[in-house]
Amino acid sequence: MPPLHPVDLVIVAVYLVAMIAVGALLAGRVKAYRDFFLAGRSLTTPILICTLVSSYYGLDALFGDSGDASREGVVVWFTYGRPYTLFLLAAALLLARRLRGIDALSLADLLGQRYGRSTQVAAAIASFLYALPVLAIMGLAAMGEVMFGVPLWMGACLGSAISVVYVAMGGVWADVLTDTVQFGIMCVSLAVALPYIMDAVGGFEGIHGALGDRAFAPLGGAPPLYTAAYALTAVSVFVEPLFYQRMLAARDTASIRNAFLWGILLWAAYDWATTAVGMAGGAMMTSGVLSPDTPRDQVLLRLVPLYLPVGLSGLFLGGCLAAAMSTVDSYFLIAAGNLVYDIYRPLARRDLDDRTLILYTRGAMLLSAAACILLSVYFERIKEAWAFMATILTSTLLVPTLASLLVPGRRAPLAGALATWGGLSAVVAFYAVLHVWGVPDPDLESRRMEVAGVTLLREYALFAAVPVSALGYLLGLALGRRP
Amino acid sequence: MTVWDALTWVAVAVLGPGVLVVCVAVARDLWRLLRGAPPPPGDLTHRSG
């Protein structure tokens, strides 16, 4: 890969310094924990659009989707991506107005208010594991290696350190302000790069010539249950901690609904852009422009500098950094909030003042960063890590959250506790069994085992764990008492 | 033009000009909020602002 031009390096350096400056400028403004964590509940529709879109979509969408598209084609946009559109639409229309009148700081806090402390802690553990931005850190490490030649661990540490610094200083205000810049850079840079790359590959005719009809099959060629398992991870939007944190920071419920509706359009456009660029990369691997051994998650990164002129390459690289850092900063804040506000505070002592809470949350961001880097070692592929984290979150929180917000009637603390702890335990057990007794599946890049003639893949954990959680909820409802 | 080309140009239009319009609106709102102007009344409770 050619070395970066000095102009491109200057653009990247200016971007990084600007992010830290924003955090420093806002550090003195934050006094109360609600201001640090929820921006005084004042976020408007445009601000919510920026922060939701840029934070929810990181390098997993940029590198992961383009890497998958280079191999699997348009199935990534249709089958993996569009179920999210449906569930996001449902979330926008169903959830926003249900939050009216709820005074909570996070999803775990909300569940704690409904079901009690045990549920809050289980929810916070699942939310913490999910919120660790492993995917973005894996992407940052890959960027550091490909673009600057630094070792993977160093790229991961530097990227997360810069993100932690500015959010730890300025809290969610720094987060949303930087998200705005990052949102603009990540979207516009992709919009600029897309025509260049499509032109270079000869448009979709060129892609069809290289990849054939299979790349244009909306349902793809993987086993239906495997495809369904990925599509079903979309149900995680109902319990996405980022969405709840931002919704609870919104000015009003109309702002939330409108932000989601605009966000759906932006996410779909971003998805298509990464799918198209990824397919172009796949075609170039077939034709030999890119090495056939190129790691799929790095296809986009290796492709762009070949075709973009000086300056635009730097802009695109800044866009990649923006996509990663807007995710890393938001999720580190949420993970730290889970540790301090939802686990430590209820279990240890409840009388922490705002200053102490902010101080502890800043420290917890460092802990989260360390845990995140350790987890990124375990998973080899971005999509694989995403499936695990989305499964943990959904299996633990989906049943009690939807029951709490959508079903009127009594809420027994035991129901919440059994649903959350049951779902969490079921996922961990499923992954542990496949890890110990399963064998690698090189085609699907997963682990598999045969049970009574049925093939179990690691991705099927959701099918087992959500019913366990639902059974736990019903059992708790039958046995438990109203608070 | 195929359906794939059409999707691509829609994506470019949304991610380019569309996003710039959103960014201008955000800059306006953030400028107002960070200067300390109180946000208009909303229906989520327990505001700290």
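Strands are DSSP runs of E with at least two residues, and helices are runs of H or I with at least four, numbered from the N terminus. Two strands pair if DSSP finds at least two bridges between them.

This is a predicted model, in which local features need pLDDT of at least 70, side-chain atom pairs count only at pLDDT 80 or more, and totals for chains, interfaces and linings use all residues. Residues are numbered from 1 along each chain as its sequence is written, chains are lettered from A and ligands numbered from 1 in the order in which they are written, and side-chain values use heavy atoms, with hydrogens and water left out.

**View 1. An open sheet of three strands in chain A.** The strand order is β1-β2-β3, with antiparallel pairing. The edges are β1 (439–441) and β3 (454–457) of chain A, each pairing on one side only. Neighbouring strands are turned by 45° against each other on average, direction ignored. Here the axes are lines fitted to C-alpha atoms, and angles run from 0 to 180 degrees between N-to-C directions. Strands of a sheet pair through backbone hydrogen bonds, either parallel or antiparallel.

**View 2. Strands β1(A) and β2(A).** Strand β2 of chain A covers residues 446–451 and runs antiparallel to β1(A), joined to it by three bridges. Val439(A) has Arg448(A) of β2(A) as its bridge partner. Asp441(A) is bridged to Ser446(A), also in β2(A).

View 3. Met449(A) bridges to Leu456(A) in β3(A). Val451(A) has Val454(A) as its partner in β3(A). Two residues lie between the strands, and Ala452(A) takes a positive phi near 50°.

**View 4. The contact between chain B and chain A.** Chain B gives 31 residues and chain A gives 46 residues, where contact means heavy atoms within 4.5 Å. The buried area is about 3,300 Å², with 76% from carbon and sulfur atoms. Buried area is the accessible area (1.4 Å probe) that two parts lose on being put together, summed over both. By class, the side of chain B that touches chain A has 20 nonpolar, seven polar and four charged residues. Ala, Val, Leu, Ile, Met, Phe, Trp, Tyr, Cys and Pro count as nonpolar, Asp, Glu, Lys and Arg as charged, and the others, Gly among them, as polar.
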